[in-house]
Amino acid sequence: ESEEMEKGRGVSWELVFMPPKDIVQVLSEQFPDCPEELFDDIAEELRSPLQEAFQEEIRANVAALVQGPSAGQQRKRHANLQDKVQGLWNSTRLFEKALGLFEGDTESQLSRYLLRTLCTDLTNTVLFYLAEDSGLDTPSHGQGEMTAKERSTLISNLPEQIKRTLTAVNNSLNGKDVSSFFQLFEALCGEEYCGLMLKKADRKKERQLIFSHQQSLVESLREEQEPAMVLHLVVVLLFQRHTNCIIHVPGKLVPSIIAFLSSRLSESERSKLRTFQELVMLQLKQSRAPSSAQQAEPKSDTNLEQAEETSETVSKKVKKGSPAVGESGDSSGESGAVGSSSDTVQQGTDMMAPNLGDIMSGLKQLVLKPTKGDNQ
């Protein structure tokens with residue numbers, strides 16, 4: 001019995017690709033005109049190479065399942081993650097610097113907006129990487145369109161240790177403390193989880209990033225013809241010029257940024273901004289003006305919605321730039337009195353129609369250098 005067990009341990013099991021009789025059957029079906037007596041000899045000749053090729057394929061597939069991605073593929077995937085996260089991290093830290101120039105509700109709203117946009121992008125990028133590492137199915141529409149519910153569901157299916165850290169990061173996105181998010185995110189990127197090194201940009205690198213951001217905004221502004229977008233781009237560029245900081249701001253906060261800049265602008269600049277801001281508000285009101293006399297007075301919330309829609313459009317135009325262009329009101333209070341009825345709105349719109357293009361061109365020149373085309 002002992003000898004039989006020893007012999008059993010030495011048996012080599014293998015899957016058979018196809019027995020000779022089946023090979024003969026396939027040959028007879030494929031070559032009906034061939035003499036039948038040749039099929040057995042041909043099948044015997046084919047059996048060994050076919051079986052060897054079959055076994056090699058099985059070994060390769062099993063190895064791939066056991067080992068997962070090759071070391072080279074994994075290194076490339078990790079390097080791509082490092083580059084993407086570092087780029088988003090640099091931009092987010094630069095935008096954070098502008099928050100310190102504000103206080104109160106404006107600072108809170110700017111913080112929440114940064115958390116809901118770029119900080120969320122950072123979280124989604126790392127979450128996708130960790131989920132794929134854990135063999136989880138990720139949303140087919142990609143991380144850029146992932147909802148908060150999808151993000152929470154994905155986190156809940158991760159291993160417990162990773163889940164705790166990512167849950168803390170995810171929860172911080174719903175607050176208004178950007179520094180808390182940074183602290184938690186740095187821990188997530190550490191060797192224990194992602195093995196990422198978040199490098200702090202030196203002054204030279206920061207200047208390059210700020211200049212690149214400015215050029216992106218300028219190029220968008222040169223081509224832009226939508227008044228609300230033009231106003232926002234001009235305000236963001238003026239903010240950068242006077243503070244040397246870049247700002248990430250939604251359309252509804254444009255009036256607050258204008259108010260912040262007011263003391264730093266010349267009287268001519270303030271006048272151009274104020275005039276154009278009022279015209280933009282009139283245009284937004286006119287575009288939403290109802291036909292019914294009972295609903296002749298548009299509500300400010302309607303204008304805020306339109307401004308937010310506009311801001312989403314411009315965010316796709318300015319990559320890593322200020323992603324929102326829109327207008328929600330006048331911080332000086334003057335635009336609130338403009339267009340208090342449908343007649344006023346109509347009169348204002350008729351009056352601004354021939355002048356809007358000229359005023360918009362003048363506003364652009366506050367931040368654009370004249371080109372040869374401008375002088376001709």
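## Salt bridges

A salt bridge is a side-chain nitrogen of Lys or Arg within 4 Å of a carboxyl oxygen of Asp or Glu. In this predicted model, local features need pLDDT of at least 70 and side-chain atom pairs count only at pLDDT 80 or more, while totals for chains, interfaces and linings use all residues. Residues are numbered from 1 along each chain as its sequence is written, and side-chain values use heavy atoms, with hydrogens and water left out.

By this rule there are seven salt bridges. R77, E132 and D133 are linked in a network of them.

## Pairs involving helix α4

Helices are DSSP runs (H or I, at least four residues), numbered from the N terminus. In helix α4 (residues 71-99), E96 and R93 lie three residues apart, about one turn of the helix. Their side chains meet in a salt bridge of 3.3 Å, N to O.

K97 forms a salt bridge with E206, with the closest N and O atoms 2.9 Å apart. Because K97 lies in helix α4 and E206 in helix α9 (residues 203-223), the pair ties together parts that are 109 residues apart in sequence. Relative accessible area, computed with a 1.4 Å probe on protein chains only, is called buried under 20%, exposed over 50% and partly exposed in between. K97 is partly exposed at 44%, whereas E206 is buried at 17%.

## An enclosed helix

Six of the eight residues of helix α11 (residues 254-261) are buried, so this helix is largely enclosed by the rest of the structure. The buried residues are V254, P255, I257, I258, F260 and L261.

Methods. Helix = DSSP H or I, 4+ residues; strand = E, 2+ residues; numbered from the N terminus.
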